[in-house]
Amino acid sequence: MSRSRKSSIDTLWYTRCPVPTPLGVAARLGWIDSEFKPDGISIRTLQDESDPKLRESHFDHHLENSFRQGGNIPAIWARSRGKDTRVVGLTWTDESQLILTKANSPIHGVRDLKGKRLGVATRPNDSIDFWKATTIRAYLAALATQGLSVKDVELVELPRESRSSRGRGWADENLSESVEATALASGAVDVIYHKGSRAFELADAIGARVVYDLGGHPDPKVRINNGSPRTLTVDRGLIDRDLSLVVRLVKKVVLAGRWAEANRIETIHYIAQETRSSESAVLRGYGKDVHHHLHTDLSEASIDALADFTRFLADWKFIPSNFDVRSWIDPRPLQQALAQIELENATIAKGNSASAVQANL
């Protein structure tokens, strides 16, 4: 594409969670590097950095000129603490949200959870305990489907004393030796929770049985959680300094989602690499049609879901206070990216039409 001027920005950072994201697909395809390196812009990803201070930006978004796509809890947390970021896109990729128990347990459904001990893995030494929040939200949503509440169960915290690997987290853990697996095996808790492709790998590794998969509930409002929807955020300063760079990255993310639709096998392979899971686990955890669910938009349903989840985090004191999610969103980069794509597609279509006419003369 033509570029009208050389940007004053010399380095762009990006990071994504170990989950299905169009940013991850674009990175695997090499599109981020190829888009910006001709401009002399250095592209750095936190997944390749060893400095813990740099990697911490995956959670607190402190690096300037940086993009992040993944679970929304760290993004919400950083914003609630005053970090001046903007949401420029949302991606809703449903995933398994499994409540697991022992194979011989008398628990067979959500109703059977009444009076039981629900394991909640925690990270007390991390800046934001996203896993604790994710787990509690899933339990509450599951209980509500049967008219139950947190008052009907006992939440048992299972602290993981070491800090998670920033930017990687649970995807690098030995599942069969995790605190929740150990607690379930010892009888300290009656059920545990995990999500995505790793949830099924955990169940297989310890011989656990699925009590309930919240990810399969027909109402998307019930499925709202850390990954539903996932946020694409950027520091506001970069938007102010060079909006065109933000538009260009958002455009690549949008196009990666469209590429995924037409390239199922390759997409599943890339997601397996991103999640550090087997391809069969990816299909179980995210569905056989996961390649159709990597769109980037700012739909009303996704915005409402993000606001709902932000309220939950505030109510449970995971963030200092609630805030106006809509004021956090800047729609301009996505709008401009979509307009550019539409114009380019129209130009290609016009050219193809002209070629066809010429061929028939």
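T11 stands opposite S42 in strand β2. Strands here are DSSP runs of E with at least two residues, numbered from the N terminus. This is a predicted model, where local features need pLDDT of at least 70, side-chain atom pairs count only at pLDDT 80 or more, and totals for chains, interfaces and linings use all residues. Residues are numbered from 1 along each chain as its sequence is written, and side-chain values use heavy atoms, with hydrogens and water left out.

T11 belongs to β1, residues 11-16. Four bridges join β1 to β2 (residues 42-45), and the two run parallel. Strands pair if DSSP finds at least two bridges between them. β1 also pairs with β3 (residues 66-70), again parallel, over four bridges. There, T15 has R68 as its bridge partner.

In a regular strand the side chains alternate between the two faces of the sheet. Both faces of β1 are covered. T11, W13 and T15 are buried on one side, L12, Y14 and R16 on the other. Buried means under 20% relative accessible area, with a 1.4 Å probe and protein chains only.

R68 also touches T231, a residue of β10 (residues 230-235). Contact means heavy atoms within 4.5 Å. T231 is buried, at 0% relative accessible area.

Now the rings. The structure holds nine aromatic pairs. Rings of Phe, Tyr and Trp (its six-membered ring) pair if their centres lie within 6.5 Å; planes under 30 degrees apart are stacked, over 60 edge-to-face, the rest tilted. F130 and W131 are edge-to-face, because their centres are 6.2 Å apart and their planes at 85 degrees. F312 and F318 are tilted, at 6.3 Å and 40 degrees.

Conventions
Buried means under 20% relative accessible area, exposed over 50%, partly exposed in between (1.4 Å probe, protein chains only). Lists of a residue's contacts leave out its neighbours within four places in sequence.
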